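This report covers a metal site and a helix. The sequence and structure come before the details.

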Amino acid sequence: MAKRDILIIPDTRLRQKSAAVTAIDASVRALVEDMFETMYEAPGIGLAAIQIGVAARVVTMDLAKKDEPKAPQVFINPEVTWSSDEQATYEEGCLSIPDYYEEVARPKAVKVKFLDLEGKAHEIEADGLLATCLQHEIDHTNGVLFIDHISKLKRDMVMKKFKKAQKRGETTRDAYKDDTPEHQIG
Ligand code: K1U
Ligand code: ZN
């Protein structure tokens, strides 16, 4: 197991569409282990493989609360098969956009089909945080970021801030761990 570096915007790899997994072999199992180590250490509640630079349609997630036992979930080739007309708003964050949170409106409920690590096919109906997180992570597999769902004005501000940080050589999440004014938006 190894913790990997998480890509930060404006890294263009985050805009890549990931390829479907065709065989669930040792390399996929090793990838999933690395993703969980990276996600738990961040910490985050979800992670798509492209966020560690691997363009494969693999998602890890754990929505357990702090006082609950771990509840790791793996979604291979996840795909939304149905979404509700009703929308729900949730304040989202992204490990590839450190320390930026914004309200995003998405379908309140979705049906998602996916394979598990044994290659077994599932289809689940999700709402609440699971629906939000699944949509956020499936977006990653298609090169879409949550800032694509907010106003252009806000998105431009975020991109400007992270492009400036990149110019300063701040290309890892560690660079955003402090609270200096140049890291604040608005
Ligand atoms: O995909 C990612 O970048 C991970 C992201 C998932 C997500 C969060 C909120 C709404 C939709 C999707 C995160 O995990 S951001 C960090 C976060 O939300 C969190 C971290 C620690 C404890 C609780 C939440
Ligand atoms: Zn994200």
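Donors are N, O and S atoms within 2.8 Å of the metal (3.2 Å for Na, K and Ca), and sites may look incomplete because water is not among the atoms. Along the chain, the donors of the zinc ion (ligand 2) are spaced as C-x41-H-x3-H. This is a predicted model in which local features need pLDDT of at least 70 and side-chain atom pairs count only at pLDDT 80 or more, while totals for chains, interfaces and linings use all residues. Residues are numbered from 1 along each chain as its sequence is written, chains are lettered from A and ligands numbered from 1 in the order in which they are written, and side-chain values use heavy atoms, with hydrogens and water left out.

The protein donors lie 2.1 to 2.3 Å from the zinc ion (ligand 2):

| Residue | Donor atom |
|---|---|
| Cys94 | SG |
| His136 | NE2 |
| His140 | NE2 |

Helices (H or I, at least four residues) and strands (E, at least two) are DSSP runs, numbered from the N terminus. His136 and His140 are both in helix α2 (residues 128-141), 4 residues apart, about one turn of the helix. Both histidines are buried, meaning under 20% relative accessible area, with exposed over 50% and partly exposed in between (1.4 Å probe, protein chains only).

In helix α3, Val158, Met159, Lys161, Phe162 and Ala165 are buried. Seen down the axis of α3, these buried residues fall within an arc of 160 degrees, so they line one face of the helix; the arc is that of the directions from the helix axis to the C-beta atoms. They pack against β5 (97-107), where contact means heavy atoms within 4.5 Å. Lys152, Leu153, Lys160, Lys164 and Lys167, on the other side of α3, are exposed. Just after α3, Gly169 takes a positive phi of about 90 degrees.
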